[in-house]
Amino acid sequence: MARTRARSPVPYGCTPHPGGSGMATEVTDIPDRRRYEVRADGEVAGYAEYILTEGLITFTHTEIDPAFEGQGMGSTLIREALDDVRTRELAVLPLCPFVKGWIQRHRDYADLVYK
C-alpha cells in the first residue's frame, strides 16, 4: 500500500555536483509545498511540483533557477525524486514535459509511469 500521509522535509541525496565543480547537491521532498527541491551548496537551485493522491504522484512543473541551468541540476532533481517515488511504491503521471522527457531518456524509470 502506498503512503500518502504528510511527511516532514526529508533529504534524499547529498552528492557531489556532476561536472566536478565540488558543489554538493541535495534533493528534499517538501510535502507542505508539494514539491521536491534541489539545493546546491545549501541554495535552492530548482524544484519539481507535484500533486499526490492515493498511490499516484503527478509531476506538474519543474523549474531550475537560471543561475544553475546547464549544470545537471534538473537531472539530479528528477532522478532522486523518482528514486524516492519508487521506494514509496507510487505510480508517476508525468504531465511536466521535463519529467516526461527525462523518463523517456532513462528507460529504467519507465516502469514507474502510470498506465
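**Close-up views of a predicted model**

**View 1. Contacts of L77.** Leaving aside neighbours within four places in sequence, L77 is in contact with V27, Y36, E37, V38, G46, Y47, A48, T62 and I64. The model shown here, as in every view, is predicted. L77 is also listed among the residues with the most contacts inside the largest nonpolar core.

**View 2. The largest nonpolar core.** This core has 26 residues. Those with the most contacts inside it are Y36, I57, F59, M73, L77, L82 and V92. Two or more residues come from each of strand 3 (35–40), strand 4 (43–53), strand 5 (56–64), helix 1 and helix 2 (97–105). Helix 1 gives the most, with six residues. In soluble globular proteins, nonpolar side chains tend to be buried together.

**View 3. A81 in helix 1.** A81 is found in helix 1, which spans residues 73–87. Its relative accessibility is 0%, so A81 counts as buried. The cut-off for buried is under 20%. Not counting residues up to four places away in sequence, A81 touches V27, Y36 and F59.

**View 4. A81 and V38.** These two residues are 43 apart in sequence. In space, A81 and V38 are 9.4 Å apart, C-alpha to C-alpha. V38 is one of the residues in contact with L77.

**View 5. Buried residues of helix 2.** In helix 2, V99, G101, W102 and I103 are buried. What covers the buried residues of this helix includes strand 5, helix 1 and strand 6 (91–94).

Conventions:
Residues are numbered from 1 along each chain as its sequence is written. This is a predicted model: local features need pLDDT of at least 70, side-chain atom pairs count only at pLDDT 80 or more; totals for chains, interfaces and linings use all residues. Side-chain values use heavy atoms; hydrogens and water are left out. Helices (H or I, at least four residues) and strands (E, at least two) are DSSP runs, numbered from the N terminus. Buried means under 20% relative accessible area, exposed over 50%, partly exposed in between (1.4 Å probe, protein chains only). Contact means heavy atoms within 4.5 Å. A nonpolar core is a set of buried Ala, Val, Leu, Ile, Met, Phe, Trp, Tyr and Cys residues joined through side-chain atoms within 4.5 Å.
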